[in-house]
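Thank you all for coming; I would like to walk you slowly through one structure, which I will now put on the screen.

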Amino acid sequence: MADLLSELNQQQKTAVAVPPGPVLVLAGPGSGKTRVLTFRVAYLIAAMGIPAYQILAVTFTNKAAREMEGRVAALLGGKADGLWLGTFHSICGRILRREAAYLPIDHNYVIFDSDDQVSLVKRVIKEKRINNKDYRPTQVLAKISQAKNDLMGPDEFPIFSTRDETIKVIYKAYQEYLEASNAMDFDDMLLYTARLLEQHPEVRQKYAQRFRHILVDEFQDTNQAQYTLLYYLASQHKNIFVVGDEDQSIYRWRGADYHNVERFMKDFPEAKKILLEQNYRSTQTILNAAVAVINENTNRTEKKLFSDRGSGEEIVIYEAGDDYDEASYVVDTISRQLLLGQAKESDFAIMYRTNAQSRLLEDAFRRANMNYRLVGAQRFYGRREVRDVIAFMRLIYNPQDEVSLARVINVPPRGIGSVTLENLQEIARQHGLSTGDALLLLGSESGKEMETALGRSATRLIPFGRMLADWRVQLSRVPLTTLFDQVMLDTGYELYIKDDGGEDEDRWANVLGLRQVLLEYEDQGLAEFLEAMALVADQDTLPDTLDAPTLMTLHTAKGLEFPQVFIIGLDEHYLPHSRSRDDPEEMAEERRLFYVGLTRAKNRLFLIRARRRRSPYGSYESMQPSRFLEDIPVDLIRGRITRSYEQVDAYELNAIRWNQTYGPPKSSHQKSAPPAAPMQQFFPEMRVSHPVYGEGVVRKSRLEYGDETVEVYFEGLGLKALVASMSSLEVLGD
DNA sequence: GCATCGGATTTTTTT
DNA sequence: AATCCGATGC
């Protein structure tokens with residue numbers, strides 16, 4: 001194994017060959033983190049003689065898992081059989097299927113993705129007759145997800161307002177439906193596994209015993225549930241090797257908590273800490289800019305990143321007239337280099353904060369007749385026809401799946417409308433059955449009683465029930481694709497999808513594409529197919545064979561590198577995104593996001609902003625350059641940014657005029673208080689009372705032009721934005 | 001039960 | 001600008 005280590009630098013060697021025990025590797029960007037992980041796995045197996053099946057390696061994304069798998073296989077030449085390597089969710093799925101006996105659901109559960117979650121929450125909201133204007137499914141789900149990430153079930157759901165009480169009710173019903181559907185959502189996979197290990201010592205013992213070595217990638221992005229489950233898995237041998245970088249923590253909104261790094265050191269005080277500081281990716285110029293940006297964040301362990309790649313070229317800053325110009329600049333710059341033969345297509349990546357920003361870029365590429373690869377966004381698995389077909393398969397696999405049943409029971413239309421479905425659901429409830437089981441029963445010999453009870457609705461339902469029953473019989477007898485063809489034939493889906501709309505001839509092609517994927521799972525089975533459908537994101541499905549520039553969000557860019565990187569939309573409200581304006585923690589995360597983007601670049605970096613942009617709604621808006629641009633030392637930059645009155649948007653301009661005329665808004669009491677943090681009185685979740693609107697709960701509050709703007713939610717009235725000094729709001733004690 | 005229309009509303013990031 | 005929802009009419 002000497003030659004294995006000889007390819008590594010000193011710090012990397014130390015990490016790879018570290019003696020067993022807890023280890024924390026803090027790895028700067030481009031410092032060979034994945035390399036260390038894969039070499040460590042290889043080292044354990046080849047040098048220390050650990051059997052592969054006693055090793056668990058966890059990543060966040062499928063992409064990372066696949067990459068590790070490939071590299072380990074290359075290092076060991078296929079001696080890694082039995083190694084558990086996968087994403088958190090796939091590992092949990094594996095454990096949960098084996099240990100289904102301990103769960104509220106059985107082993108052929110299905111996984112609900114975010115669309116399924118939304119459908120289910122909608123149904124709950126409707127059934128509970130809750131005002132759907134005030135309770136948006138995505139918002140409710142965000143709260144539920146947050147709770148689950150913190151290992152809280154419906155009963156532990158924290159209540160701070162009447163709104164929370166309602167959400168708790170929805171959460172509870174939602175969870176009941178999931179169980180009745182023999183289903184779990186993404187968060188449940190983590191939650192169930194963590195609970196399983198916590199509450200059943202015999203199960204915990206089994207896995208903790210088995211996994212002599214645990215390795216974790218992107219540790220800074222773990223949430224509470226993930227941390228807990230790792231903690232229990234490592235409880236026996238304590239050989240847990242985690243790799244992370246606080247500065248690249250960008251999933252706070254998903255419950256990630258980089259404090260888990262500190263928690264790790266507390267829980268495993270004997271842990272060795274290793275820093276990887278040499279960057280092999282970027283030029284010193286790029287690295288310096290990135291360091292300057294990230295140094296503005298407080299509360300972090302400072303790393304001394306260095307590169308031996310030389311200073312390289314200056315960073316180019318381009319200020320476009322508008323967003324249209326921004327896109328053209330990117331495409332022009334790329335095509336010029338291509339024309340001159342200075343670069344190849346796949347050298348380039350273009351990154352942005354939100355998916356919506358890809359639109360103009362795509363147009364520009366198309367106009368220039370150039371290929372591009374778009375990661376994420378237009379989702380194959382999100383297409384209606386694809387989801388329909390998956391829903392059929394899911395229903396066959398697990399007839400209790402309420403969401404899939406509701407989705408396809410009338411697709412293609414077979415005369416089963418909402419009333420008929422509701423009747424069926426009601427009958428099912430009376431019999432203590434799931435809707436799907438009721439439907440199956442209805443289609444069978446013994447369904448007579450139910451048939452009479454349903455009356456006219458039954459005539460429509462019975463044929464579908466029989467069909468479903470038949471498919472289920474087929475499931476165990478014929479190959480998956482044969483079953484698939486049968487479903488398409490029985491339902492007349494081809495005709496239905498081809499007829500529909502007309503313009504999109506690709507739709508049937510998508511269905512056939514899915515059939516092709518199914519073919520690959522012929523040997524493994526439907527369960528594996530469905531799990532892959534749920535857990536494999538779209539970005540994993542893109543062909544990386546196409547030689548073309550890549551378009552992606554900053555989030556998906558993490559872990560990747562490109563010779564040339566464009567980051568567009570470097571304007572306030574875009575990056576940093578406007579939604580993080582009021583929360584310093586979120587602002588710090590925006591900065592980390594930018595840092596992640598900067599450090600993707602190997603040789604050249606282009607930072608682009610636009611003086612004005614078409615707002616997502618309606619007309620043009622003037623932009624201010626991103627505050628992050630100011631943090632890049634000027635000597636690293638070519639090009640400059642400007643700020644002028646013309647660019648100030650109307651709202652802000654009024655405030656400026658006001659100040660020029662009447663002097664800055666300053667309350668007479670506060671003399672020379674520091675300019676920041678003057679006197680915010682209202683904070684989210686506070687209960688307040690208003691003379692006219694009554695009692696409400698503060699959603700948001702911010703200081704603006706010397707006053708405080710408070711957004712308050714009043715039951716029955718909705719959200720109101722109030723100016724604190726004008727509205728005599730009063731804070732209510734608890 | 002289904003199609004159509006008009007009005008309202010909007011996701012930041014993803015397993 | 002595009003999508004979703006609810007109401008309306010057939």
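Helices (H or I, at least four residues) and strands (E, at least two) are DSSP runs, numbered from the N terminus.

This is a predicted model, in which local features need pLDDT of at least 70, side-chain atom pairs count only at pLDDT 80 or more, and totals for chains, interfaces and linings use all residues. Residues are numbered from 1 along each chain as its sequence is written, chains are lettered from A and ligands numbered from 1 in the order in which they are written, and side-chain values use heavy atoms, with hydrogens and water left out.

On pLDDT, the predictor's confidence in each residue from 0 to 100, chain A averages 85, and 87% of its residues score at least 70. Confidence in chain A is lowest in helix 28, residues 650-662, with a mean of 37, and highest in strand 6, residues 213-216, at 97.

Turning to helix 14, at the start of this helix a side-chain oxygen of aspartate 322 comes to within 3.1 Å of the backbone nitrogen of tyrosine 324. Its buried residues (buried means under 20% relative accessible area, exposed over 50%, partly exposed in between, with a 1.4 Å probe and protein chains only) include Tyr329 and Val330. After helix 14 comes glycine 341, whose phi is positive, near 70°.

Lastly, phenylalanine 186 is found in helix 9, and is partly exposed, with a relative accessible area of 24%.

How values were computed. Polar contact = N/O pair within 3.5 Å; in protein donor to acceptor, adjacent residues only side chain to side chain.
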